[in-house]
Amino acid sequence: MLLNWWKRRRRETVRGEPVPETWSGILDQNVGMFARLTPEEQRKLLADMQVFIAEKHWEGCRGIEITEEIRVTVAAQACLLVLGFEEEYFDQVRTVLISPRDYARKGLTVTDRGLVIEGEYQYSGEAWSRGPVVLSWEDVLDGGRNETDGENLVLHEFAHQLDMQNGRVADGIPPLPTEERLHAWLEVFDAEYERHRIDCRRGRYTLLDPYGAEDPSEFFAVTTECFFERPRALAVRHPRLYEQFRDFYRQDPALRFS
Ligand SMILES: [Zn+2]
């Protein structure tokens, strides 16, 4: 209780600190979405970013050094995801690990037939349960600078973190406030996921990234990217899915593109 009180107080202090002047140049250059937000949203995002930057442990690997540009560019995109939430700073993520570009490491993959195969895979990012988020800086920049292509690494990896917040593994079911909302979510999400898998298998065009057909958690993450960056198209092609995501994120990104 006392700890929470202190934490809150400390956060309020950090939120109230003046935003460094250097940030606006970085946001202009690297985070296209920033200019689309209302002044009120921008103020909230900047305050959230102050806490996010202060509380995370930032670490560069494979020879990259952490700079203010990296912190600001990552924080802006991660905090955009939770702009509709109060006091949400991804507490479960203590460390943000930055790699200069995508990287290869040993990993496991499951085939269509359920076989687990070990191999060397290329990653642009990863979200570990109760562990770090790993991001390729090259891809962070690509995602931030083009805010209308429906691809955004930071949104993708931090969406996985939200997905895991209800104590479950990443399963495409984020924390929802009521049983009723959970039922509505499952009904729409499961149907849309199935439809996506069938469309991908048949080689049809899909608005959502085919990678989303891998499993429900990836479907949640790629839909999140599309929801923020191609919201109008998502609202037209998948109106029920758009509605569920709008209610979950408590934001209506389509308004930013009108
Ligand atoms: Zn993913």
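**Entry 1: helices α8 and α10**

I began with a list: Phe-219, Phe-220, Thr-223, Thr-224, Phe-227 and Phe-228 in α8 meet Leu-241, Tyr-242, Phe-245, Arg-246, Phe-248 and Tyr-249 in α10. Contact here means heavy atoms within 4.5 Å. Helices (H or I, at least four residues) and strands (E, at least two) are DSSP runs, numbered from the N terminus.

I noted that this is a predicted model, in which local features need pLDDT of at least 70 and side-chain atom pairs count only at pLDDT 80 or more, while totals for chains, interfaces and linings use all residues. Residues are numbered from 1 along each chain as its sequence is written, and side-chain values use heavy atoms, with hydrogens and water left out.

By class, the contact of α8 with α10 has 9 nonpolar, 2 polar and 1 charged residues. Ala, Val, Leu, Ile, Met, Phe, Trp, Tyr, Cys and Pro count as nonpolar, Asp, Glu, Lys and Arg as charged, and the others, Gly among them, as polar.

I then looked up the geometry. α8 covers residues 216-229 and α10 residues 239-249; they pack at an angle of about 85°, with their axes 11 Å apart. Axes are lines fitted to C-alpha atoms, for helices over the stretch in contact, and angles run from 0 to 180 degrees between N-to-C directions. The two helices are therefore roughly perpendicular to each other. Angles under 35 degrees count as roughly parallel, over 145 as roughly antiparallel, 65 to 115 as roughly perpendicular and the rest as oblique.

**Entry 2: helices α6 and α8**

I turned to α6 (residues 153-163), whose axis comes within 8 Å of that of α8 and crosses it at roughly 130°. That makes α6 oblique to α8. On the α6 side I found Leu-153, Leu-155, His-156, Ala-159, His-160 and Asp-163, and on the α8 side residues including Phe-220, Thr-224 and Phe-228. The contact of α6 with α8 divides into 7 nonpolar, 4 polar and 3 charged residues.

**Entry 3: helices α4 and α5**

For α4 and α5 (residues 137-145), I read axes that come within 10 Å and cross at roughly 55°. This pair is therefore oblique. Glu-69, Ile-70, Thr-73, Val-74 and Gln-77 in α4 meet Trp-137, Val-140, Leu-141, Gly-143, Gly-144 and Arg-145 in α5. I sorted them as 5 nonpolar, 4 polar and 2 charged.

**Entry 4: the cores**

Which residues have the most contacts inside the largest nonpolar core? I found Met-49, Leu-135, Phe-158 and Tyr-249, in a core of 66 residues. Helix α4 (residues 68-81) gives the most to this core, with 9 residues. Apart from it lies another core, of 5 residues, among them Cys-61, Tyr-103, Tyr-123 and Val-134. A nonpolar core is a set of buried Ala, Val, Leu, Ile, Met, Phe, Trp, Tyr and Cys residues joined through side-chain atoms within 4.5 Å.

Not counting residues up to four places away in sequence, Tyr-249 touches Leu-81, Gly-84, Phe-85, Ala-159, Leu-162, Phe-220, Thr-224, Phe-227 and Phe-228.

**Entry 5: positive phi**

Most residues other than glycine have a negative phi. Glu-87, not a glycine, has a positive phi of about 50°. Glu-87 lies in the loop between α4 and β2 (95-99) and is partly exposed, with a relative accessible area of 43%. Arg-250 also is not a glycine and has a positive phi of about 55°. Arg-250 is found in the segment after α10 and counts as exposed at 55% relative accessibility. Buried means under 20% relative accessible area, exposed over 50%, partly exposed in between (1.4 Å probe, protein chains only).
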